[in-house]
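Below are some notes for a colleague who is opening this entry for the first time. Please keep the sequence and the model side by side while reading the numbered points.

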Amino acid sequence: MPQLLNDTKNNLNTKTIKNLIEKYEPPFWVYDSDIIYKKIKLLKKFDVIRFAQKSCSNINILRLMRNKNVKIDAVSLGEIERALLSGFKGNTNEIIFTADILDKETLSKVVDYKIPVNAGSLDMLKQLGKVSPGHHVWLRINPRFGYGHSKKTNTGGKNSKHGIWEPKKAIPIIKKYELKLIGLHMHIGSGVDYLHLKKVCQSMIKYVVQLNQKISSISVGGGLPVPYKFDDQPIDIKKYFMIWDIARNQISEFLGKKIELEIEPGRFLVAESGILISRVWATKKMGDKNFVLVDVGFNDLMRPTMYGSYHHISVISGDDRNINEIETIDTVVAGPLCESGDIFTQKEGGTVQTRKLPIIKIGDYLIFHDTGAYGAAMSSNYNTRPLIPEILLKNNDSIVIRRRQTIEEILNLEK
């Protein structure tokens, strides 16, 4: 949930942000380690917490996770390398590789480091089995239905590329190559509806019974939502765990042994820990619309353009005047990219919206809240714009955990 900047009880307050602006030239990302630790603690009832690092893959964030005994999910060769560099070990359950394909380089890495593979296709099992008999595998099952806050975050059903549609066909392949099936994974998309959740649990029980394999774990996937708006209801973690625990107990009873319950959160652990600090460089009137232009674009924060996602926006004055939060005007907030879609206040599908914001001047700072997940991780060099710094607040100090990229570094790849 967006944190009020005048609340001095949290680290992401006006005083701290002003100090950071003075110390580091905006724009930049900021993460608060205290918030990440608090979110991890909320999931303590699960046997295994496995961070979906695609949401925020900075190695320094991964090290925070490792310090709290959180395991890691990797979805690419690069993410495997990040996990290893962060101190997670191969030949254990600390890293799991989840994907729908296995290219040559990635296959070599998971075999060399004996990293368990969460297979989303039958072809993966065949390719892995041919070179690594006995390899530990999970099956990612597509339960034939999905759910998500956007069509683009729905990971189940016939329109999704993820998972195995007929998991029974995996068993002969597993036996042929003597692979070791250790778990079943099911994730239908981002966001939680408790009726859908119960449906997923029943589907997991159905497939466990249908396959009747001596697995040791089930993964409930991720997609736990966070309240991006003040009136959004936070997820009831106790209820979420209880529903899955009931399913786990039925599965344990059927298999005659205790089954581990694993959860794979991404945004839930990091979204609310992060803010994006930008500076206003222009204001203009376009017809009856008031535009404010900042120095970050959708190459930095993709979610509003990609999904129509909402991020609360706060204003900090650049000239020490008091910002009048009561007197507001309808404002469109946009970035510097040569793209009409470079708008931070839009709905899914590209419909431009306005946001009620105070009177904003050039030199003021706009703070985008809850950007710790799928913020920096989805950044690009579009328009040949360098990646901006990431700053971590930890132990009453600020640390640069990714320096500002230079244009020369981008161009050097092409020389």
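1. On one side of helix α1, Lys15, Glu22 and Lys23 are exposed, where exposed means over 50% relative accessible area, buried under 20% and partly exposed in between, with a 1.4 Å probe and protein chains only. Helices (H or I, at least four residues) and strands (E, at least two) are DSSP runs, numbered from the N terminus. The model is a predicted one, in which local features need pLDDT of at least 70 and side-chain atom pairs count only at pLDDT 80 or more, while totals for chains, interfaces and linings use all residues. Residues are numbered from 1 along each chain as its sequence is written, and side-chain values use heavy atoms, with hydrogens and water left out.

2. Which residues of helix α1 (residues 14-23) are buried? They are Ile17, Leu20 and Ile21, and because they cover an arc of only 100° around the axis, they lie on the same side of α1; the arc is that of the directions from the helix axis to the C-beta atoms. The cover over the buried residues of α1 includes the strands β1 (28-32), β10 (274-286) and β12 (313-316), and also β15 (365-369), β16 (390-394) and β17 (397-402).

3. In the loop between α1 and β1 sits Pro27, and the peptide bond that leads from Pro26 to Pro27 is cis, with omega near 5°. This deserves a look, since most peptide bonds are trans and most residues other than glycine have a negative phi.

4. The loop between β15 and β16 holds Tyr374 and also Asn383. Tyr374 has a positive phi, near 55°, without being a glycine, and Asn383, likewise not a glycine, has a positive phi of about 65°. Tyr374 is buried at a relative accessible area of 14%, whereas Asn383 counts as partly exposed at 35%.

5. Helix α3 (residues 59-67) packs against helix α4 (residues 77-85) at an angle of about 60°, with the axes 9 Å apart, which makes α3 oblique to α4. Angles under 35 degrees count as roughly parallel, over 145 as roughly antiparallel, 65 to 115 as roughly perpendicular and the rest as oblique. From α3, Ile59, Leu62 and Arg63 make the contact, and from α4, Arg82, Ala83 and Leu85, contact meaning heavy atoms within 4.5 Å. By class, the contact of α3 with α4 has 4 nonpolar residues, 2 charged residues and no polar ones; Ala, Val, Leu, Ile, Met, Phe, Trp, Tyr, Cys and Pro count as nonpolar, Asp, Glu, Lys and Arg as charged, and the others, Gly among them, as polar.

Definitions and conventions. Axes are lines fitted to C-alpha atoms, for helices over the stretch in contact, and angles run from 0 to 180 degrees between N-to-C directions.
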